[in-house]
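This report looks at aromatic contacts, a surface patch and the pairing of strands in one structure. The sequence and model are shown first, and the commentary follows.

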Amino acid sequence: MKAYIHNHPKFKRLLHWFIMSPVRTRPRWYVRMLQFFYVKRGAGSVIYRSVRRDLVPFRKCAIGPRSVVESFAVLNNAVGDLFIGNNSRIGISNTIIGPVTIGNKVNIGQNVLISGLNHGYEDVTKAIADQGVSTAPVTIADDVWIGGNVVILAGITIGEHAVIGAGSVVTKDVPPYSVVVGNPAKIVKKYDFNLNAWIKP
């Protein structure tokens, strides 16, 4: 079926129109009603009622056991899969646009944007809105703490036990066991396992 859809662009456009409103750019109401079939949720996971779930059936979305997505967040897998591990917390008013993978025991503060999506802009003879989008996966490892009002750009990998300071804009990969702050975010502290201490780089 996937091969047929891929090889028949008119049918693909029709199917996409049936699933997604081209103006609202979110799944149609009758598709959203079926999310309990295609969104995989682990035992004890919580998604608050006010969360906007722009989750389509032609991409994957899985939320692990005992993970929580707090009020007024947005989950969007329209252009890339979305995975949230076990015992993780997605803070109030977060926006997460796939492709994004979030590990286990990750704590994310309020008003955080994590996006694997970018808009094309290079052709100055065309409106940016007409240049399409590109994607690059965001990967957040286990045991990461992300402060409030952080922006994490497409293609970024954040290593295990890293800390992202509040208000940071993450434009480069973050190594494990490090603290980054600022715009653009820079490393201000690393854990040295030989010294068993956090040190300045």
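Relative accessible area, computed with a 1.4 Å probe on protein chains only, classes a residue as buried when under 20%, exposed when over 50%, and partly exposed in between. The model is predicted, so local features need pLDDT of at least 70 and side-chain atom pairs count only at pLDDT 80 or more, whereas totals for chains, interfaces and linings use all residues. Residues are numbered from 1 along each chain as its sequence is written, and side-chain values use heavy atoms, with hydrogens and water left out.

**Aromatic contacts**

Rings of Phe, Tyr and Trp (for Trp, its six-membered ring) are taken as a pair if their centres lie within 6.5 Å, with planes under 30 degrees apart counted as stacked, over 60 as edge-to-face and the rest as tilted. On that basis, a search of the whole structure finds six aromatic pairs. Among them is the pair of W29 and Y30, which is edge-to-face because the planes stand at 80 degrees, with the ring centres 5.5 Å apart. W29 counts as exposed at 56% relative accessibility, while Y30, at 26%, counts as partly exposed. Y191 and W198 also make an edge-to-face pair, since their planes are at 75 degrees, and their ring centres are 5.3 Å apart. Y191 is partly exposed, with a relative accessible area of 25%, and W198 is partly exposed at 36%. These two residues belong to one aromatic cluster that also contains Y177 and F193.

A charge is said to sit over a ring if NZ of Lys or CZ of Arg is within 6 Å of the ring centre and within 35 degrees of the ring normal. The charged end of R28 sits in this way over the ring of W17, 4.3 Å from its centre.

**Surface patch**

W29 takes part in a nonpolar surface patch of about 640 Å², together with M33, L34, F36 and F37. M33 lies in the loop between α3 (29-32) and α4 (35-38) and is exposed, with a relative accessible area of 53%.

**The sheet**

Helices (H or I, at least four residues) and strands (E, at least two) are DSSP runs numbered from the N terminus, and two strands pair if DSSP finds at least two bridges between them. Nine strands form an open sheet with mixed pairing, in the order β2-β5-β8-β11-β16-β19-β21-β22-β23. Its edge strands, each pairing on one side only, are β2 (46-47) and β23 (197-199).

| Strands | Sense | Bridges |
|---|---|---|
| β19 (163-164) and β21 (178-181) | parallel | two |
| β21 and β22 | antiparallel | four |
| β22 (186-192) and β23 | antiparallel | three |

V180 in turn has I187 of β22 as a bridge partner, and S178 stands opposite K190 in β22. K190 also has a bridge partner in β23, namely I199. The hairpin of β21 and β22 has four residues between the strands, and in it G182 takes a positive phi near 100 degrees. Four residues also lie between the strands in the hairpin of β22 and β23, where N196 takes a positive phi near 55 degrees.

Note on methods: Patch = residues over 30% accessible without salt bridge, like charges linked within 9 Å, V, L, I, M, F, W, Y side chains within 5 Å. Areas by Shrake-Rupley, 256 points an atom, 1.4 Å probe, with all protein chains shown as cover. Salt bridge = Lys/Arg side-chain N within 4 Å of Asp/Glu carboxyl O.
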